[in-house]
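Good morning, and thank you for coming. I shall walk through one model this morning, and I ask you to keep the sequence and the structure in view as I speak.

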Amino acid sequence: MKIRRLCIGRSLMNILDDEFFARVGHDLRGELATMLAGVDFLLRYNKRIEPSHREMLDRVRGAGDRLTTLLDELNHAVWLYPNPQRAMLVGPCDPVVLIQDITADLYEAAAVRQVRLIVDNELREGEVSLAADAPLLKVALGYVASLALMRSRGRAVRVRLAWGGDGRPTVTISDQAGPVPPEVLQRIFEPFVERVALDVKIPSPSGEPPPPRRRERLGLGLGIARGILEAHCGTLLVTVAGERETAGLCFACVLGSAPHQQEGSTDQDHAPPAGGASL
């Protein structure tokens, strides 16, 4: 009886936490949207604004955009809990299409940070389908990829979709921005620890000093990403890869444990590598 009450209590707390995040995020986003709309109106229609005032409004708009991103991260923080009570809209999800959608958004962010984005896709469209909440998986992969981009000004980031060693579709995101201390790597999914990974020590290839860092995330992204992937029966692993100039972090995002084949395909057409699990 005590165990049952404890389980019910934890479930209720998760529901309350989810409602808390949703309500706070909604109310703050509403006020922020009004502020940003006013700034955009002034910048677009008031042609008599002095250059110094226009520059200040541009800064306010940039800060507002960053705050919107931080509020989204706060809203997704419910996935830090072991059993988040948040519904998922599960349907067929093609990993290839998922990666195409994500990388389309990443190219612009990579260009801003002077990052060379390399995308390798070893699966064919229609080769496999996952039962997943595709927009939610996009959120998870976005948090991982954005961390790699933030670390990698002037360097390369590689995104690779392939069969994992266990026969599951896996997205590997790797950078060359240097390793992190072992004690940090062990705690990388804890809230705010990932900020240490953004403190890149190796110099930029161009020799230019890094620009002042703006607060672009709360420091919860990797934990949120792992929670979302685990809700899809997948996982997220972070390791150090490469040596010297090419050393960096490697993020292995396993997209799910139970993909099913689409109609019209055969086992022989897309069998996983030797040693992998059969789908």
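Predicted model: local features only at pLDDT ≥ 70, side-chain atom pairs only at ≥ 80, totals over all residues.

**A contact in a loop, and the elements around it**

Residues are numbered from 1 along each chain as its sequence is written, and side-chain values use heavy atoms, with hydrogens and water left out.

Where does Arg-168 lie? Its place is in the loop between β4 and β5. Arg-168 counts as buried because its relative accessibility is 18%; buried means under 20% relative accessible area, exposed over 50%, and partly exposed in between, with a 1.4 Å probe and protein chains only. For Arg-195, which is found in helix α6 (residues 194–197), the relative accessible area is 34%, so Arg-195 is partly exposed.

Let me turn to the strands on either side of that loop. Helices (H or I, at least four residues) and strands (E, at least two) are DSSP runs, numbered from the N terminus. β4 and β5 form a hairpin with 5 residues between them, and Gly-167 in the turn has a positive phi of about 85 degrees. The two strands pair in the antiparallel sense over 7 bridges; strands pair if DSSP finds at least two bridges between them. Val-157 stands opposite Asp-175 in β5. β4 is also joined to β2 by 6 bridges, and those two strands run parallel. There, Val-119 has Val-159 in β4 as its bridge partner. How many of the 8 residues of β4 are buried? The number is 6, and β4 is thus described as mostly covered.

I come next to helix α3, residues 95–112. This helix has 18 residues and reaches 26 Å from its first C-alpha to its last, close to the 26 Å expected at 1.5 Å a residue; the expected span is 1.5 Å times one less than the number of residues. A kink of about 30 degrees is centred on Leu-106, where the bend is the angle between axes fitted to the seven residues ending at a residue and the seven starting there. At the N-terminal end, Asp-94 caps α3, with a side-chain oxygen 2.9 Å from the backbone nitrogen of Val-96. Just after α3, Gln-114 takes a positive phi of about 60 degrees.

What do the buried residues of α3 pack against? Their partners include β2, α4, β4 and β5, with contact meaning heavy atoms within 4.5 Å. Among the buried residues of α3 are Ile-99, Ile-102 and Leu-106. An α-helix has 3.6 residues a turn, so residues three or four places apart point the same way.

Finally, the whole protein. There are 7 helices and 7 strands, and of the 279 residues, 40% count as buried. Residues 24 or more positions apart account for 77% of the contacts with a separation of 6 or more.

Terms used: Polar contact = N/O pair within 3.5 Å; in protein donor to acceptor, adjacent residues only side chain to side chain.
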